[in-house]
Amino acid sequence: MARFLFVVPPMTGHTNPTLAVAAELAARGHEPAWCGYEALLERLLPEGARRFGLEGSLPDGFLEEIGERALKVRGLPGLKFLWEEVLLPLARDMTPGVERAVAEFSPDVIISDQQAFAGAFAARRAGLPWATSATTSADRRISLANIPKVLDWAEERLTELQVELELEPVKEPENSPHRVIVFSTPALCGEMSHHDERYVFVGPSLAPRPEPVPFPYEELLDVPRVFASLGTLNAERGQRFFAALAEGLGDDSDAPGLQVVCVAPGEFGPFPKNFIARPRVPQLDLLPEMDAVICHGGHNTTTEALSNALPLVVCPIKDDQPVVAQQVADSGCGLRLSFTRPRPHHLAEAVDRVLHEPSFKERAQEISESFTAAGGPARAADHLEALAGVTT
Amino acid sequence: MTTLTTISNLIHEVIGEDWDLEEEITLDTTFSEDLELESIEFVSLAEKMQAAFGEDVDFVSWLSEKELDEVIDLKVGDVVEFIDACRK
């Protein structure tokens with residue numbers, strides 16, 4: 001029996017993939033626990049899960065305010081914002097609490113999210129084996145390849161942070177020298193020159209999450225069905241995008257040729273008759289009923305779609321999404337559109353192509369098979385057990 | 001074709017056809033604030049510029065010397081100026 005501590009940032013998409021891995025470890029008789037902000041852990045973790053909830057010293061409303069502002073900045077200003085206003089303050093704020101959790105729980109292995117640097121720092125300080133949990137396969141070494149000084153800028157911030165926390169600075173401190181567990185496969189994310197033997201590609205980790213959200217399945221029409229989810233959008237961007245989607249794919253006739261299910265609050269409407277719009281949906285249960293997905297390239301939605309062999313139309317907004325969108329386009333399982341100025345006829349044409357040109361579906365099917373072969377949470381657990389010195 | 005026109009066309013290729021063509025790209029258009037160009041799109045724009053203007057215009061090297069804030073403030077006019085200077 002070994003103890004495993006998952007250190008997660010206050011981001012749902014970075015926490016969900018850890019659930020199935022932890023469940024697998026628990027099923028093998030190990031003891032998993034989480035360390036992260038209490039509000040998020042309380043909401044996402046299964047009942048009875050052991051957790052070390054951080055209160056932190058960030059001002060009240062920090063995360064809400066960050067979320068609000070993060071919706072407004074894209075591109076390189078978005079990158080600067082992510083580092084200066086989110087990742088570095090989070091690392092400073094989380095480090096003392098993570099170290100207390102390590103002292104109390106005495107884990108054998110720490111699994112630190114790639115954006116929760118505090119976990120990596122705590123593991124190094126305690127001299128413990130640790131793994132990086134890369135819940136997105138997008139990597140700054142890809143997106144910043146031609147602007148190396150920007151890459152250096154990020155590295156310098158990490159060096160300063162390590163010095164401030166009295167750690168010997170290392171390059172890329174968020175990537176473990178032992179294992180970097182990537183929840184994707186090369187079939188989707190491609191082969192990268194920096195992917196050395198530390199990198200293990202286990203495919204997505206989709207735990208059946210408790211999703212007590214009702215959905216009117218009986219209303220789904222027996223025609224090609226498209227699922228559209230753009231994550232959290234502010235009102236301005238959301239209205240513009242969904243207006244374009246309604247214009248491009250809307251059909252108010254009595255026998256529409258397309259069914260659109262979209263995750264959108266009512267204020268982004270009105271929606272045409274062939275749309276079912278809900279602010280929340282049971283996404284994992286719903287995807288098997290769909291034929292294609294329109295999304296923003298969030299890593300979880302993208303891999304959930306591909307697990308169901310669904311071709312994609314990706315309209316990336318920010319952060320890792322442009323890279324994920326490029327992976328989708330390059331691997332041939334979907335099309336990439338610009339999110340900034342959505343044009344109804346481009347959305348309609350892209351959806352028509354991914355539904356009717358067989359190559360998109362075929363590539364999505366191949367990627368889905370690569371996910372299955374990669375082993376998912378069980379393979380991730382194998383690697384973590386190996387770090388704990390458990391012989392299997 | 002003027003340098004600006006060529007660059008505008010390349011930008012259209014990178015950010016997708018759905019950029020509203022009525023909103024003309026000018027010398028004052030900024031890559032970050034106006035075009036909201038993502039870093040990976042800079043990578044692909046740099047490759048296209050290199051292909052379009054040839055070896056005498058080493059756009060990739062020029063871009064690689066830029067600090068984060070310089071890239072954030074970059075205007076289309078700065079790139080036009082750089083390219084025209086290379087071709088003199």
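Author: E172(A) lies in the loop between α7 (148-164) and β6 (179-182) of chain A; helices (H or I, at least four residues) and strands (E, at least two) are DSSP runs numbered from the N terminus. The model is predicted: local features need pLDDT of at least 70, side-chain atom pairs count only at pLDDT 80 or more, and totals for chains, interfaces and linings use all residues. Residues are numbered from 1 along each chain as its sequence is written, while chains are lettered from A and ligands numbered from 1 in the order in which they are written.

E172(A) is not a glycine, yet its phi is positive, about 45°. Most residues other than glycine have a negative phi, and most peptide bonds are trans. E172(A) has 18 C-beta neighbours inside 10 Å and so counts as partly exposed. A residue is buried if 20 or more other C-beta atoms lie within 10 Å of its own, exposed if 12 or fewer, and partly exposed in between, with C-beta atoms placed from the backbone.

S106(A), also not a glycine, has a positive phi of about 50°. It lies in the loop between α4 and β4 (109-113) of chain A. S106(A) is exposed, with 11 other C-beta atoms within 10 Å.

A cis peptide bond, with omega about 5°, joins G269(A) and P270(A). P270(A) is in the loop between β9 (259-263) and β10 (275-278) of chain A.

G375(A), which follows α14(A), has a positive phi near 95°. Helix α14(A), residues 358-374, has 17 residues and reaches 24 Å from its first C-alpha to its last. That is close to the expected 24 Å at 1.5 Å a residue, the expected span being 1.5 Å times one less than the number of residues. Its buried residues are F360(A), R363(A), A364(A), I367(A), S368(A), F371(A) and A374(A). They lie on the same side of α14(A) because they cover an arc of only 145° around the axis, the arc being that of the directions from the helix axis to the C-beta atoms. An α-helix has 3.6 residues a turn, so residues three or four places apart point the same way. The face of α14(A) turned away from the buried side carries the exposed residues P358(A), S359(A), T372(A) and A373(A).

Next comes the domain setting. Chain A is divided into domain 1 (3-203 + 375-388) and domain 2 (217-372), with bounds from an automatic or database domain assignment. The centres of these two domains of chain A, taken over C-alpha atoms, are separated by 28 Å. In chain A, 21 residues of domain 1 are in contact with 22 residues of domain 2, two residues being in contact if their C-beta atoms, placed from the backbone, lie within 7 Å. On the side of domain 1 of chain A that touches domain 2 of chain A, α1 (12-27), α4 (75-105), α6 (140-143) and α8 (186-189) of chain A give two or more residues each. α8(A) gives the most to this side of domain 1 of chain A, three residues.

One further loop residue is G231(A), between β8 (225-229) and α9 (235-249) of chain A. G231(A) is partly exposed, with 16 other C-beta atoms within 10 Å. Leaving out residues up to four places away in sequence, G231(A) touches H296(A) and G298(A).
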